Structure formats: C-alpha cells, structure tokens
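The tour goes stop by stop.

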Amino acid sequence: MAGEASDRKPFISKKIDKFFKGLADAWNFVKRFWQEVFLPPYEFKEVIHQCYRIGVESLPLISLTGFIVGIVFTNQSRPSLSEFGATSWLPSLISIAVVRAMGPLVTALIAAGKVGSSIGAEIGSMKVTEQIDAMEVSATNPFKFLVVTRVIATTFMIPILVMYTDFVALIGSFLNVNANELVSLSTFFVQVFESVSFLDIWSSVLKSLLFGFTIGIVGCYKGYNSSKGTEGVGRAANSAVVISMFLIFIEELLALQIVNAIRGM
Amino acid sequence: MSERVVHIRNLHKSFGDLDVLKGVDLDLFREENVVVLGRSGTGKSVLIKIMVGLLRQDEGIMEVLGREVSTLSTKDLNSLRLKIGFSFQNSALYDSMTVRENMEFPLVRNIKNLTKKEITYRIEELLDAVGLPQTINQMPSELSGGQKKRIGVARTLILNPEIMLYDEPTAGLDPITCVEINNLINEVRERYKTTSIVITHDLTCAKMTGDRMAVLLDGQFKAMGTFDEVFPRATDQRIKSFYDYNFTET
C-alpha cells in the first residue's frame with residue numbers, strides 16, 4: 001500500500017523527496033569522510049600523488065589567470081582613482097581586493113572547473129567500470145583510497161594555490177603600475193603589506209581551506225554516486241563543477257559576513 | 001564427497017519492484033567448477049556480488065567457507081574477500097596504473113612486510129602463468145580485451161584465493177580468444193586448486209570449463225547437472241532454445 005501511495009505522488013512531491021534524499025546522502029558522505037580520515041591505514045603516498053596532480057598541474061592555468069586578473073583589475077581601477085588624483089592608492093586597493101576576495105575566489109573557481117570536474121569524471125568512470133568494486137573485493141577501502149586522499153589534497157593545496165595566485169596577481173598589478181606610475185617594486189610591496197592585515201591573510205587561508213574541502217568532497221561525492229554509464233560520468237563531472245561553484249559563492253558570502261563582524265569588534 | 005565451500009539456500013534479492021533472485025539454492029564443493037547460465041538480466045552477476053558482500057540479500061542463506069556473508073563485520077568480510085578472487089566482466093583494471101601497479105595494489109595492501117624483490121617475483125610469476133610477461137609496464141589502455149581479461153585474472157590470483165568468481169569471462173571476445181580464456185580458467189583450477197563459479201551465457205565456455213551447469217530462469221535454478229544432463233535433451237523450451245541458439249543456429 002505504501003508503495004502504491006508513493007507511486008501516486010505528484011511530480012513536485014517526488015522532486016522534493018529526491019532533493020531531501022540527496023541532501024541526506026551528501027550529509028552521510030561528509031560524515032563518512034570525517035569518520036575515516038583519522039583511522040588507519042593512511043594512504044600517504046596517494047595523498048602526495050594527488051597533491052602533485054592538484055597543485056603542480058594547476059600551476060600554469062592559475063599563473064595565467066592570476067597574472068591577467070592583476071593586470072586587468074589594476075587597469076580598470078585606475079580611471080576611477082585618477083578622477084580623485086588617487087592613483088598612488090592603487091597598490092593598496094589591489095592588494096586588499098586580491099588578498100581578501102579575488103585571489104581565493106578566482107583560484108577556487110578555476111580549481112572547481114579543473115580539479116572538481118576531473119575528480120568527478122575520474123571517480124565516476126571508475127564507478128561505472130567496476131574499478132571501485134574491484135578495490136572493495138580485494139579488501140581495500142575504496143572510500144579511503146579515492147575519496148579521503150583527494151579531499152585532503154584539495155583542502156591543503158587550494159590555500160597554497162591561493163597564496164600563489166595572490167602573489168602572481170600582485171606581480172601583474174605591479175608591472176601595470178610600474179609602467180604607468182613608475183613605482184618601484186619595493187615601494188609597491190611596502191604599500192601592499194601596509195594595507196593588508198593579519199586578519200585578511202588568515203581569513204583568506206581559512207576560507208581557502210573551506211573552498212578546497214568543498215571542491216574535493218563535491219567532486220568525490222558526485223563521482224562516487226554516478227550511474228548510467230558514460231552519460232552518468234559526464235553528468236557527475238558537470239554537476240561537480242556547478243555545485244562546487246554555487247557552494248563557493250555561498251561560503252564566500254558567509255565568510256565575508258563573519259570577517260566583517262570580527263573586524264567590527 | 002569433497003568439502004563444501006559455498007552453501008546457498010532460499011536466496012532472495014530484489015531491486016525496487018523487480019524480484020531478481022526468488023529462492024536460489026546451490027552448493028559448491030572444493031575444486032569444482034560450476035557454471036551459472038542464464039539470459040542477461042536474470043541475476044547471475046547479482047548472485048556472485050552477494051557472495052563477496054558487494055550486495056546484500058533480502059532473505060536466505062549465503063555461506064562462503066562456512067561463514068554467513070551478510071552477518072560479517074567489515075574486518076571479517078575483508079578477510080573472507082582475500083580468499084575469493086573476482087574477475088570482472090570488463091576486467092576492471094585500474095586505468096591510471098600500469099599492469100605492475102594493478103597487481104601490486106592488492107598485494108601490498110593485504111600482505112605486509114614483503115620485499116620489493118618478493119613482490120616483483122610474485123607479479124612476474126603470475127604474468128608468466130597467464131602468458132603476458134611482456135605487458136608488465138603497459139597501461140591497461142594499451143592492452144586488447146583478451147589481454148585485459150588475463151591480467152584481471154592474474155590480479156585476482158595474486159592473493160592466492162581459494163574461490164574464483166568469473167563474471168562473463170568471454171563476453172565481447174573473438175572465438176579464438178574465448179577458447180584461450182576458457183583454457184586459462186581450467187589451468188587456474190589445476191595449478192592453483194581453486195573452486196570456481198563461472199557466470200556466462202556462452203555455452204562453449206560452459207561446456208569447456210564447467211563440471212556442473214546451473215541454469216538460472218525466473219530467479220531460480222531450473223536445471224542443474226553436467227552439460228550433457230542439462231542441455232542436449234532439455235525438455236524445458238527455454239533451456240532448449242538456449243542450447244539451440246548457441247549450437248545449432250547461425
């Protein structure tokens with residue numbers, strides 16, 4: 001009878017059921033991560049391998065993006081500041097914008113696209129080709145080997161990439177400022193460090209840890225639960241990117257409120 | 001009578017409204033090869049996935065090496081899994097790893113304190129046994145379907161299993177490679193003294209590898225016995241047509 005009743009549910013009700021079931025599954029997945037991350041065996045070698053893939057292999061894209069962001073943002077800000085004769089404030093403005101928001105956000109979005117989709121597709125294809133089952137029947141915990149290692153790697157590599165992006169963006173900005181305002185490298189960076197507080201740096205690092213965790217766990221969750229063959233793998237990769245980006249913006253918004261509240265204390 | 005290694009009674013499994021297994025009974029004895037035959041979607045693979053704990057039955061008994069699989073803790077299930085080799089339909093080789101790394105993977109995680117020399121010796125020995133020593137540094141994407149199947153079997157053998165489960169070992173292979181794989185299944189049994197379940201719908205494979213056939217129809221074994229007992233004079237039209245399609249029609 002219960003089965004018949006659920007079959008008769010209207011379309012919207014089924015969608016709502018599916019949404020809450022998805023939320024519960026995701027919650028259980030995150031819970032399982034925290035249960036398994038501290039338990040042996042520890043897959044150190046695989047964590048290092050994933051750190052290399054996520055960190056080093058993202059460097060060219062991150063470098064290019066960070067550099068362009070620095071140049072473009074400086075160029076776009078100059079006209080507004082020059083109206084008030086305040087172009088000397090460019091290093092301060094850029095450093096605050098880059099360290100507080102643009103560095104973490106740009107890096108996280110790029111990583112969501114590159115790393116999140118790759119994790120989703122890789123684990124998804126392992127799932128549909130029974131490679132995850134093969135690990136399980138050989139008495140290896142696939143969750144630990146595939147999920148825990150990747151989430152650890154993204155959580156710790158994204159903050160490092162963010163710091164690198166900040167640096168590259170500031171270099172890009174410096175080249176632009178130097179070409180137009182003839183400011184030296186030391187003067188530029190003195191202004192940068194005078195404008196940026198410890199709170200800015202710590203909030204940026206903590207936020208990036210959260211972004212990294214989000215990218216890793218969403219990519220793994222989507223891949224681990226993919227089905228329906230190659231179509232499912234494509235969907236897993238796609239939804240890993242979309243959901244990660246959505247969550248990153250939400251987290252950015254929340255982090256901003258929290259940091260502003262701390263700053264106001 | 002030799003020792004019983006698998007004992008299945010009244011096994012039921014359904015997915016949603018679809019009843020796949022509806023009271024399956026089977027006993028498997030040491031060093032015996034049993035072939036489970038049936039059309040696609042009849043639950044053949046489900047049966048062996050329940051055997052290794054990848055799926056759980058809704059009802060019934062699934063005892064492997066004297067232990068009820070569904071009641072085992074994760075630790076006990078893993079120690080049981082070490083005694084069972086599972087050769088997947090699509091080989092399931094880890095495609096980001098070389099053949100050597102594929103074979104090392106279960107070995108180094110389950111047998112501690114092995115030296116590099118011992119690991120290499122074991123890998124080379126098994127690659128020799130499946131006739132593919134030259135592939136040791138190749139990636140799975142560089143191998144043919146038949147080679148992948150052989151490496152898949154070698155990977156499962158690396159932990160010295162007592163029971164081998166072959167899921168559609170000849171699916172998607174040309175007839176000559178099929179015969180090679182069938183011979184490999186028989187060689188594995190003779191050399192490593194394994195007990196096997198072969199899941200297939202290929203009657204040539206069944207005839208070459210099986211001591212006993214078990215035909216799965218409507219979620220139950222409808223016929224069981226040697227090939228000659230089950231097939232040439234089958235009275236059940238579905239079993240008869242299975243035989244006819246494989247051996248008489250072109």
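Which residues does A:Cys220 touch, not counting residues up to four places away in sequence? Select A:Ile119, A:Ile123, A:Leu146, A:Val147, A:Arg150 and A:Val151. Contact here means that C-beta atoms, placed from the backbone, lie within 7 Å.

Two notes before moving on. This is a predicted model: local features need pLDDT of at least 70, side-chain atom pairs count only at pLDDT 80 or more, and totals for chains, interfaces and linings use all residues. Residues are numbered from 1 along each chain as its sequence is written, while chains are lettered from A and ligands numbered from 1 in the order in which they are written.

**The core**

A:Cys220 is among the residues with the most contacts inside the largest nonpolar core, as are A:Ala108, B:Val36, B:Met51, B:Ala154 and B:Leu165. That core has 119 residues. A nonpolar core is a set of buried Ala, Val, Leu, Ile, Met, Phe, Trp, Tyr and Cys residues joined through C-beta atoms within 7 Å. Buried means that 20 or more other C-beta atoms lie within 10 Å of the residue's own, again placed from the backbone. Now select helix 5 of chain A, residues 90–128: it gives the largest share of this core, 16 residues. Helices (H or I, at least four residues) and strands (E, at least two) are DSSP runs, numbered from the N terminus.

**Strand 3 of chain B**

Go to residues 33–37 of chain B. Five of the five residues of this strand are buried, so it is largely enclosed by the rest of the structure. In a regular strand the side chains alternate between the two faces of the sheet. Colour B:Asn33, B:Val35 and B:Leu37 for one side, B:Val34 and B:Val36 for the other.

Next, show the partners; pairing takes at least two DSSP bridges. Strand 8 (195–200) runs parallel to strand 3 of chain B, joined by five bridges. There, B:Leu37 stands opposite B:Thr200. Strand 9 (212–217) is also parallel to strand 3, over four bridges. B:Val36 faces B:Ala214 in that pair.

**The open sheet**

Still in chain B, find four strands in the order 2-1-4-5, paired antiparallel. Strand 2 (18–29) and strand 5 (67–68) stand at the edges with a single partner strand each, so one side of each lacks a neighbour in the sheet. Two bridges join strand 4 (59–64) to strand 5. Pick B:Val64; opposite stands B:Arg67.

**The interface**

Last stop: 13 residues of chain B are in contact with 10 residues of chain A. Helix 3 (99–110) of chain B gives the most to chain B's side, with three residues.

Terms used
Contact = placed C-beta atoms within 7 Å. Buried ≥ 20, exposed ≤ 12 C-beta atoms within 10 Å, placed from the backbone.
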